[in-house]
Amino acid sequence: VIKCKAAVAWEAGKPLSIEEVEVAPPKAHEVRIKIVATAVCHTDAYTLSGADPEGCFPVILGHEGAGIVESVGEGVTKVKKGDTVIPLYIPQCGECKFCKNPKTNLCQKIRITQGKGVMPDGTSRFTCKGKQIYHFMGTSTFSEYTVVADISVAKIEAAAPLDKVCLLGCGISTGYGAAVNTAKVEPGSTCAVFGLGGVGLAVIMGCKIAGASRIIGIDINKDKYAKAKEFGATECISPQDSKKPIQEVLVEMTDGGVDYSFECIGNTGVMRAALEACHKGWGVSVIVGIAAAGQEIATRPFQLVTGRTWKGTAFGGWKSVDSVPKLVTEYMSRKIKVDEFVTHTLPFDKINEAFELMHSGK
């Protein structure tokens, strides 16, 4: 058993608490990882807020991490002690019907136990002050050591800087993949990206790499425009600058609508606007943001009858074990940006400040 520091969420709506936790050794087909760096994501904040119907407490959150394998359980063959790895919140077992289908990346092998905050055998590897602590998204990267299933880990090149590539565990991969895998943006196309946070910037990067000729960034926070243009946005607009609905503004700006739109906020009203900003006959809108539990989307069926397509994406459609090492290599060869997404680097005990920076849009 390893004793180490972790940021524990004891209950919903309260700040994280840095505690000494015990991390049990990995069982069969499990891997214990020394986490070197982790990022914070809105998904962590969503569960911490208490709005997540799958949220269970006390829990160690975090799902964008990178580290070194400390030890492996019986039967683990893909990684060994000392390997550099990224934990994966969407695993890839290679055996379930989802893994065998090229149309999806949503491996279901451990979905039920992962959703309940436990390892595949139904138990937790974390204890603190004599209490069992739940796992989160199969990763729990807000701990100096964590245990994951062996199908939830990607081995990456040892030279990769872990304080940067941890971002490929969720946000950057999700946005980039939404553009290149889910939408399949084509050269010369016009795109609209709603929400210019980390995921939105990654979508812009993907659209640019795919050869889009016009990329319109949309956000009410104008402080985000300069960064969006750095990533490839050709122009940025705010929905608050016009009396007309934003979809009407976009349809006028683009001679009938955009070829591809992306919703990167998790707001169902914006999801509708993103679809309705698409061009009749061929426009495709991709939902990337996660809406709160119980919310529903609406539009007039005529929008779809007249040739628009509504799609969704999870982790950008990447089959995780296969794709994450390739994404790291793309970053190392400078094909994709990663460093530019990092605005602040804080010590672990300042994790609550990191959440405050994220909430304030900084």
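**View 1. V288, a buried loop residue.** V288 is buried, at 7% relative accessible area. The model shown here and in every view below is predicted. V288 sits in the loop that runs between strand 15 (284-287) and helix 10 (301-305). Leaving aside residues up to four places away in sequence, V288 touches T174, A178, V199, F262, E263, C264 and T313. V288 and V185 are 103 residues apart in sequence, and their C-alpha atoms are 15 Å apart in space.

View 2. An unreviewed UniProt entry gives "domain: Alcohol dehydrogenase-like N-terminal" for residues 28-156. Across residues 28-156 the chain is 13% helix and 30% strand. The end C-alpha atoms of that stretch are 22 Å apart. From the unreviewed UniProt entry also comes "domain: Alcohol dehydrogenase-like C-terminal", covering residues 198-323. Residues 198-323 are 36% helix and 16% strand. Here the end C-alpha atoms are 20 Å apart.

**View 3. Helix 11 and its buried face.** Helix 11 spans residues 320-332, 13 residues in total. From its first C-alpha to its last, helix 11 reaches 18 Å, close to the 18 Å expected at 1.5 Å a residue. Its buried residues are S320, S323, V324, L327, V328, E330 and Y331. Viewed down the axis of helix 11, these buried residues fall within an arc of 160°, so they line one face of the helix. They pack against strand 6 (84-87), strand 10 (153-155), helix 4 (162-165) and helix 5 (171-183). R334 follows helix 11 and has a positive phi, near 70°.

**View 4. Helix 1 and its partners.** Helix 1 covers residues 42-49, and D44, A45, T47 and L48 are its buried residues. Down the axis of helix 1, the buried residues fall within an arc of 165°, so they line one face of the helix. Their packing partners are strand 1 (2-9), strand 3 and helix 12 (351-359). Just after helix 1 comes G50, with a positive phi of about 95°.

View 5. The side chains of E70 and R32 form a salt bridge, 2.6 Å from N to O. This pair links distant parts of the chain. E70 belongs to strand 5 (residues 64-72) and R32 to strand 3 (residues 30-39), 38 residues apart. R32 is buried, at 6% relative accessibility. E70 is partly exposed, at 23% relative accessible area.

View 6. E276 and R272 join their side chains in a salt bridge of 2.7 Å, N to O. Both residues lie in helix 9 (residues 268-276). They are four residues apart, about one turn of the helix. E276 counts as buried, with 14% relative accessibility. R272 counts as partly exposed, with 29%.

View 7. Side chains of opposite charge can pair when their charged atoms come close. The structure holds 17 salt bridges. One of them joins the side chains of E11 and K14, at 3.3 Å from N to O. E11 is partly exposed, at 42% relative accessible area. K14 is also partly exposed, at 43% relative accessibility. Elsewhere, salt bridges link K27, E30, D121 and R125 in a network.

**View 8. Cysteines without a disulfide.** A search of the whole structure finds zero disulfides. What keeps C93 and C107 from counting as bonded? The sulfur of C93 is 3.7 Å from that of C107, its closest cysteine sulfur, and this is too far for a bond. A disulfide needs the two sulfur atoms within 2.5 Å. For C96, the closest cysteine sulfur is in C93, 3.8 Å away, again too far for a bond. C93 is buried, at 11% relative accessibility. C96 is buried as well, at 14% relative accessible area.

Conventions
Residues numbered from 1 in each chain as written. Predicted model: local features only at pLDDT ≥ 70, side-chain atom pairs only at ≥ 80, totals over all residues. Heavy atoms only, no water. UniProt positions renumbered as here; feature names shortened; annotations may be inferred. Helix = DSSP H or I, 4+ residues; strand = E, 2+ residues; numbered from the N terminus. Salt bridge = Lys/Arg side-chain N within 4 Å of Asp/Glu carboxyl O. Buried < 20%, exposed > 50% of the residue type's maximum accessible area, 1.4 Å probe, protein only. Expected span 1.5 Å × (residues − 1). Arc of directions from axis to C-beta. Contact = heavy atoms within 4.5 Å.
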